[in-house]
Amino acid sequence: MTAESAAGPTPEILAAFEAAKGFMPVHEGLALYAAATEAGALGLPLLEVGTYCGRSAILLADAARGAGVGALTVDHHRGSEEQQPGWEYHDPSVVDPEVGLMDTLPTFRRTLRRAGLEDHVVALVGRSPQVAAVWAGPLGLVFIDGGHTDEHANADYEGWAPHVSEGGLLVIHDVFPDPADGGQAPYRIHLRALASGAFTEVSVTDSLRVLRRTGAGI
């Protein structure tokens with residue numbers, strides 16, 4: 001599967017994606033959109049772990065809308081470790097001045113509204129392991145783009161990979177085999193997924209990996 005194997009987003013949706021606050025480059029976004037479009041054909045919800053301000057959620061939600069399935073986002077909206085004050089990806093504009101903590105939820109909601117997608121997303125606000133613990137249903141796609149420590153990446157994988165249906169897709173962002181390019185935690189869960197025998201890699205677009213469930217377990 002490649003980004004070219006599915007129809008891409010409309011110019012309006014792509015413009016909304018490019019205008020949104022976030023870090024995913026366009027070519028990786030198009031690969032995510034292709035995966036979401038394919039997975040939507042299973043008739044099951046598409047879920048994202050790690051939402052930030054909604055950049056990639058635009059593409060997930062639009063693909064879900066086209067397939068007639070739900071799009072779900074999981075995030076506590078307090079920012080991941082590298083987005084805290086004093087770190088490289090900190091953005092003071094998304095700090096709640098009343099409590100002095102990151103709060104990306106208002107920006108996320110505005111992002112969806114501007115894209116015309118507010119009614120097509122269910123935002124699950126909470127920490128990934130806590131939300132996963134109360135989630136029971138199968139999913140057509142799980143996109144892991146959350147915290148980049150081993151603790152958080154493994155928790156995301158262990159909490160959500162079991163819900164990927166047979167033939168469904170597991171998508172992992174920020175997979176960097178070379179430590180010089182970025183943190184290794186997403187790469188390690190990518191290797192874990194492949195070693196499990198439950199997932200087979202079907203596409204690579206820079207740091208975005210798409211894997212299909214082809215066996216049981218994680």
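Throughout this tour, two residues are in contact when they have heavy atoms within 4.5 Å of each other. The model is predicted, so local features need pLDDT of at least 70 and side-chain atom pairs count only at pLDDT 80 or more, while totals for chains, interfaces and linings use all residues. Residues are numbered from 1 along each chain as its sequence is written, and side-chain values use heavy atoms, with hydrogens and water left out.

**The whole chain**

Begin with a cartoon of the protein chain, which shows 7 helices and 9 strands; these are DSSP runs numbered from the N terminus, helices being H or I of at least four residues and strands E of at least two. Of the 218 residues, 49% count as buried, where buried means under 20% relative accessible area, exposed over 50%, and partly exposed in between, with a 1.4 Å probe and protein chains only. Among contacts with a separation of 6 or more, 70% join residues 24 or more positions apart.

Select Pro186, which lies in helix 7 and counts as buried because its relative accessibility is 5%. Not counting residues up to four places away in sequence, Pro186 touches His148, Ala153, Ile172, His173, Asp174 and Val175.

Which residues line the largest cavity? Select Ile144, Asp145, Gly146, Gly147, His148, Ala153, Asp156, Ile172, His173, Pro186 and Ile189 to display its lining. On a 1 Å grid over the protein atoms alone, a cavity is a set of points where a 1.4 Å probe fits but cannot get out, a pocket is an open set with protein on both sides within 12 Å along at least five of seven lines, and lining residues have an atom within 4 Å of a point. The volume of the largest cavity is about 50 Å³, and helix 6 (150-160) and helix 7 (185-195) each supply at least two residues of its lining.

**The second largest pocket**

Next select Ala15 in helix 1, which counts as partly exposed because its relative accessibility is 41%. Ala15 and Ala115 are 100 residues apart along the chain, and their C-alpha atoms are separated by 9.0 Å. Both belong to the lining of the second largest pocket, together with Ala16, Ala19, Ala20, Lys21, Ile58, Thr107, Arg110, Thr111 and Arg114. Two or more of these lining residues come from each of helix 1 (11-19) and helix 4 (105-114), and helix 4 gives the largest share, 4 residues. The pocket holds about 180 Å³ of space.

**The nonpolar cores**

Finally, select Leu46, Ile58, Leu117, Leu141, Phe143, Val171 and Leu208, which touch the most other members of the largest nonpolar core, a set of 32 residues. Such a core consists of buried Ala, Val, Leu, Ile, Met, Phe, Trp, Tyr and Cys residues joined through side-chain atoms within 4.5 Å. Helix 3 gives the most to this core, with 7 residues. Apart from this core lies another, of 23 residues, among them Leu47, Leu139, Val164 and Ala185.

To close, centre the view on Leu117, which, leaving aside neighbours within four places in sequence, is in contact with Ile13, Ile58, Ala61, Asp62, Arg65 and Leu112.

Terms used: Grid points are joined across faces, edges and corners, and a volume is the space filled by probe spheres set on the points.
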